[in-house]
Amino acid sequence: MSTAATLYLALSIPQSVVPAWAIWIIAFVGGVLAGALWGAIPGILKATLNINEVIACIMTNWISANIVTWIFENSPLRNSSEASGGKIGYIKKTIDNGVATPKLGLDKLLPGSQVNAGIIIAIIIAIAVYIVMTKTTFGYQLKACGSNRFAAKYAGIAAGRNIVLSMAIAGGLSGAAAALYYLSGNTEFFWSTYQSLPAVGFNGIPVALLA
C-alpha cells in the first residue's frame, strides 16, 4: 500500500506545480501514512475483537497485494518490457520523473553501490524509535501492552489504544522502508507479480529477529 501511494504521488504530481524536492517529501510522507493506516487495521481487529494479529496481517497482506495489482493494472504510470517471452508490467522508476533520493556523495564513498541518503533517514528513524521506546512514557506503555495487555490495562494503561498505535507505527515504519526503496529510483515496481510482494515483508522479519 505504501508502494502504491509513494509511486502515485512521486510520478503523478507535475514538477511545473511542485518542485522535485517537495514531491519527494510528499511521496515519502504519503507512503508512511499509507503504511500506518493499513497497519492499523490488524491493530483494530486485535483491540476490539481479539483477533490474532499475525493471522490478520497475513490476510491483509494478500488483500493489499491484490488491491495494488488492481490499482496499477490500467495505470498511466505503467511501463512495459519484454521478459521471459511475454510482456510483464512495470511501473516507471521515480528517477524518470526526476524524483529520486539524493546520493549526497555516498555513492562515491562506496563505489559500485546504490547507496543514497535513504540510509541516513533509516538511521535517524531507528534512533528515534529507540528513544521513544526507552526514554518516554508512551514507549513504556507500548512495551507494557506488548508484554501483557491485561496487566497493562489493570495498571491503568489504555491497552486497546496502544495496540492500535503499535500496529500503526509498525505499518508506518514498513511504509517508510517501501517508500525509501522505490524513491531511490533504482528499482522498477512489478505491478503484475503480486506473489512476490509478501516475501519482501517476510524476509524483513528474520532480519529484524537477527538484529
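Trp24 and Phe28 sit four residues apart in helix α2 (residues 20–49), so about one helical turn separates them. Helices here are DSSP runs of H or I, at least four residues long, numbered from the N terminus. This is a predicted model, where local features need pLDDT of at least 70 and side-chain atom pairs count only at pLDDT 80 or more, while totals for chains, interfaces and linings use all residues. Residues are numbered from 1 along each chain as its sequence is written, and side-chain values use heavy atoms, with hydrogens and water left out.

**Aromatic pairs**
- Rings of Phe, Tyr and Trp (its six-membered ring) pair if their centres lie within 6.5 Å, with planes under 30 degrees apart called stacked, over 60 edge-to-face and the rest tilted.
- That rule gives three aromatic pairs.
- Trp24 and Phe28 are stacked, because their ring centres are 5.4 Å apart and their planes meet at 15°.
- Tyr181 and Tyr182 make an edge-to-face pair, at 4.9 Å centre to centre and 90° between the planes.

**Who's buried**
- Buried means under 20% relative accessible area, exposed over 50% and partly exposed in between (1.4 Å probe, protein chains only).
- Trp24 and Phe28 are both buried.
- Tyr182 is buried at 12%, whereas Tyr181, at 47%, is partly exposed.
- Helix α1 (residues 2–12) has eight of its eleven residues buried, so the rest of the structure largely encloses it.
- Among those buried α1 residues are Leu7, Ala10 and Leu11.

**Charge over a ring**
- Arg149 lies over the face of Phe150, 5.5 Å from the ring centre.
- To count, NZ of Lys or CZ of Arg must be within 6 Å of the ring centre and within 35 degrees of the ring normal.

Definitions and conventions. Helices (H or I, at least four residues) and strands (E, at least two) are DSSP runs, numbered from the N terminus.
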